Amino acid sequence: PTESPVITNQTGQQGSETKERYRAFFQELIDELRDRYQFTNARAGQPQNWYTFSSENSRIFKYSTSFTRGDRVMTEVYIDTGDKAKNEQIFNCLSEMKEEIEGAFGSALSWEQLETKRACRIAIYMDGDIDGESEALAQVREWAIQNLLRFKAVFPEYIKRCVQGITQQNIPADPATARGR
């Protein structure tokens with residue numbers, strides 16, 4: 001029997017090393033979120049630069065952490081109902097309460113309507129990349145955990161209020177009432 005060829009080019013090797021670093025980082029993140037904070041039931045880190053967590057109503061929004069371009073890390077609440085107009089209505093409603101929300105969150109946030117995408121996001125960023133030293137990655141993980149917990153503590157009630165308000169706005173008037181009967 002012949003052995004499988006081993007990829008020896010630097011790109012293939014670098015890619016798999018980086019993917020393993022992502023998998024290990026997110027494995028530690030989800031284990032701590034699950035075991036210490038009951039934030040998730042997730043079990044397996046994936047070899048990718050992001051991880052999404054379900055929310056109180058995942059048909060409307062989710063939480064996530066990702067390594068982004070420019071050596072930055074982000075945690076966010078990601079609004080995606082499947083309908084761009086509804087996402088923007090929820091985002092705009094939340095934007096109207098920006099000062100109150102940021103006060104409850106304890107930090108300024110990045111409000112991103114994402115014009116070229118269906119979804120919208122509200123995020124917070126810090127410097128960091130997956131190739132950082134283990135101490136730096138531990139700090140990134142702790143930062144991500146604290147911010148995911150803050151998103152979960154603050155946003156569900158605001159999103160619920162916005163969705164209820166939008167739903168009430170979109171209910172057609174009763175024709176009998178509209179005619180004064």
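Reader: How do α2 and α4 lie relative to each other?
Author: In this predicted model, α2 and α4 pack at an angle of about 120 degrees, so they count as oblique. Under 35 degrees would be roughly parallel, over 145 roughly antiparallel, 65 to 115 roughly perpendicular, and the rest is oblique. The angle, from 0 to 180 degrees, is taken between N-to-C directions, with axes fitted to C-alpha atoms over the stretch in contact.

Reader: And how far apart are their axes?
Author: The axes of α2 and α4 are 9 Å apart, and the crossing is right-handed. Right-handed is when the near helix is turned clockwise from the far one by less than a right angle.

Reader: Which residues make that contact?
Author: From α2, Gln 89, Ile 90, Cys 93 and Leu 94; from α4, Tyr 158, Ile 159, Cys 162, Val 163 and Ile 166. Contact means heavy atoms within 4.5 Å.

Reader: What classes are they?
Author: 8 are nonpolar, 1 is polar and none is charged. Nonpolar covers Ala, Val, Leu, Ile, Met, Phe, Trp, Tyr, Cys and Pro; charged covers Asp, Glu, Lys and Arg; the others, Gly among them, are polar.

Reader: New topic. What order do the strands of the sheet come in?
Author: The open sheet has 5 strands in the order β1-β2-β3-β5-β4, with antiparallel pairing. The edge strands are β1 (50–53) and β4 (110–112). Two strands pair if DSSP finds at least two bridges between them; strands are DSSP runs of E with at least two residues, helices runs of H or I with at least four, numbered from the N terminus.

Reader: How many bridges join β4 to β5?
Author: 3 bridges join them. Glu 112 stands opposite Arg 121 in β5. Helix α2 (residues 84–96) packs on the sheet, touching β3, β4 and β5.

Reader: Is Ala 24 buried or partly exposed?
Author: Partly exposed, because its relative accessibility is 28%. Buried is under 20% relative accessible area, exposed over 50%, and partly exposed in between, using a 1.4 Å probe and protein chains only. Ala 24 lies in helix α1 (residues 10–37).

Reader: How much of the chain is buried?
Author: 39% of the 181 residues.

Definitions and conventions:
Residues numbered from 1 in each chain as written. Predicted model: local features only at pLDDT ≥ 70, side-chain atom pairs only at ≥ 80, totals over all residues. Heavy atoms only, no water.
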